[in-house]
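Please examine the sequence and the three-dimensional model shown here before reading on.

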Amino acid sequence: MGTNNIVILAIESSCDETSAAVIVDGKVLNNIVATQSVHEKYGGVVPELASRAHQENLIPVVQEAIFSAGISKDQLSAIAFTRGPGLMGSLLVGVSFAKALAYARGIPLIEVNHMQAHILAHFIDAPQPSFPFICLTVSGGHTQLVLVKDHLDMTVIGETQDDAVGEAFDKTAKLLGLPYPGGPLIDRHAKNGNPKAFTFPITRMPELNYSFSGIKTAVLYFLRDELKENPNFIEENLSDLCASIQFSLIQMLLIKLKLAVAEHQVKNVAIAGGVSANSGLREALGQLAKEKNWNLFIPEFEYCTDNAAMIAMAAHYKYLKGEFSSLEVTPLAKMKL
Ligand code: KG4
Ligand code: ZN
């Protein structure tokens, strides 16, 4: 590798995944992810435990990324990190590490917005969407409709006013007695269930906005009533319950996506974020795209959930534009796109 190559080490530590990746001239070489299992028994991410696990995992994950890329630290052109949004303690681990490395090596520091990076995951591999496109970003912390005009030029055109859709998956899963994160488990059980077995409300918000807090309460009351009659109601109906909850969540996502695509008259549609790993959503979107003649872009599973490859991709575009941060940069728990 010569001195003209752009070699960036990227770090992701916004929530409960510690990840590092190396990108060379826009090509992602690896994506090392350490998933924190410590949260499973608590039914959600425990921020203090997440920070401690990042602290433990970060150096081994970075070392593996550097080693498996076959590079040494003195070949790095820049170091990138997730500035936000995310958990303050978790972000601090990544930000502090990145700052120290940039300072020690005298190389530029690149801050990345986690939500922008989820969208830029589409540029890791082919096929890549052409601009403009609409991206539905669906994760445990966010649900946004974004009009993407260029790699670094994005506008939020709609978003959730309360819970994120991933949160709705996880919280309803918890009501069903499933461990955290419940989203993938709902997905798995739903495959054997009837989506029309039970009806849960479809909340309609003004314009392109979403609300996912209502379904949690609806499921809570529904289960409370059914369990009074039959204490085994959940076990006996788990697949149908999962399929029906998933069906409502997907309907809500798609109603606004259709509206956004019609309003902005785009042909290219993408999804990003952890919930885009959901097989029901992928299937429904595939059908919709066929019906509407959209070009649909869905990232590889590996790049749907939190990962450093997407941070690396975003950092590459920022490097090309010379968008660097100073060593005074601090994490932001809330950060606009
Ligand atoms: O993007 P992500 O890894 O982290 C955040 O930035 O939040 O998303 C995590 C979310 C969790 O809520 C998880 O339950 C959900 O994505 N998720 C899924 C599936 N895989 C992950 N939800 C439904 N179906 C899945 N297959
Ligand atoms: Zn995420």
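What follows is an account of selected features, beginning with the metal site. The model is a predicted one.

Which atoms coordinate the zinc ion (ligand 2)? The donors are NE2 of His114, NE2 of His118 and OD of Asp306, at 2.0 to 2.2 Å. Along the chain, these donors follow the spacing H-x3-H-x187-D. His114 lies in helix 3 (residues 114-120), whereas Asp306 belongs to the loop between strand 11 (295-297) and helix 9 (308-320), so this pair ties together parts that are 192 residues apart in sequence. His114 and Asp306 are both buried.

The loop that lies between helix 3 and strand 7 (133-138) comes next, with Phe123 as one of its residues. Phe123 is buried, since its relative accessible area is 4%, and buried means under 20%. A pair of aromatic rings is described by the distance of the centres and the angle of the planes. For Phe123 and Phe131 the ring centres are 5.7 Å apart and the planes stand at 25°; the pair is therefore stacked, as planes under 30 degrees apart count as stacked. Phe131 has a relative accessibility of 29% and counts as partly exposed.

Phe123 also pairs with Phe133. Here the ring centres are 6.3 Å apart and the planes are at 45°, so the pair is tilted. This pair links the loop holding Phe123 to strand 7, which holds Phe133, the two residues being 10 apart. Phe133 counts as buried, at 0% relative accessibility. Together with Tyr317, the residues Phe123, Phe131 and Phe133 form one aromatic cluster. The count for the model comes to 10 aromatic pairs.

The loop between helix 3 and strand 7 also contains Pro127. The peptide bond leading from Ala126 to Pro127 is cis, with omega near -5°. A cis bond is also found from Tyr180 to Pro181, where omega is near -10°. Pro181 sits in the loop between helix 4 and helix 5 (183-190).

Helix 6 shows how a helix can be read by its buried residues. Helix 6 spans residues 213-229, a run of 17 residues. From its first C-alpha to its last, helix 6 reaches 26 Å, close to the 24 Å expected at 1.5 Å a residue. Which residues of helix 6 are buried? They are Ile215, Val219 and Leu223. Viewed down the axis of helix 6, these buried residues fall within an arc of 65°, and therefore they line one face of the helix. Their packing partners are helix 4 (165-175) and helix 7 (233-264).

Attention now turns to Ser276. This residue is placed in the loop between strand 10 (268-272) and helix 8. Is Ser276 buried or exposed? Ser276 counts as buried, because its relative accessibility is 0%. Leaving aside residues up to four places away in sequence, Ser276 touches Val138, Ile271, Leu281, Arg282, Ile298 and Cys304. Ser276 and Ala100 are 176 residues apart in sequence, and their C-alpha atoms are 34 Å apart in space. Arg282, one of the residues that Ser276 touches, lies over the face of Phe301, at 4.1 Å from the ring centre.

Asn293 has a positive phi of about 65° although it is not a glycine. Its place is the loop between helix 8 (279-292) and strand 11. Asn293 is exposed, with a relative accessible area of 56%, since exposed means over 50%. Asp25, likewise not a glycine, has a positive phi of about 50°. Asp25 is found in the loop between strand 2 (17-24) and strand 3 (27-28), and counts as partly exposed at 40% relative accessibility.

How values were computed
Residues are numbered from 1 along each chain as its sequence is written. Chains are lettered from A and ligands numbered from 1 in the order in which they are written. This is a predicted model: local features need pLDDT of at least 70, side-chain atom pairs count only at pLDDT 80 or more; totals for chains, interfaces and linings use all residues. Side-chain values use heavy atoms; hydrogens and water are left out. Donors are N, O and S atoms within 2.8 Å of the metal (3.2 Å for Na, K and Ca); water is not among the atoms, so sites may look incomplete. Helices (H or I, at least four residues) and strands (E, at least two) are DSSP runs, numbered from the N terminus. Buried means under 20% relative accessible area, exposed over 50%, partly exposed in between (1.4 Å probe, protein chains only). The expected span of a helix is 1.5 Å times one less than its number of residues. The arc is that of the directions from the helix axis to the C-beta atoms. Contact means heavy atoms within 4.5 Å. Rings of Phe, Tyr and Trp (its six-membered ring) pair if their centres lie within 6.5 Å; planes under 30 degrees apart count as stacked, over 60 as edge-to-face and the rest as tilted. A charge sits over a ring if NZ of Lys or CZ of Arg is within 6 Å of the ring centre and within 35 degrees of the ring normal.
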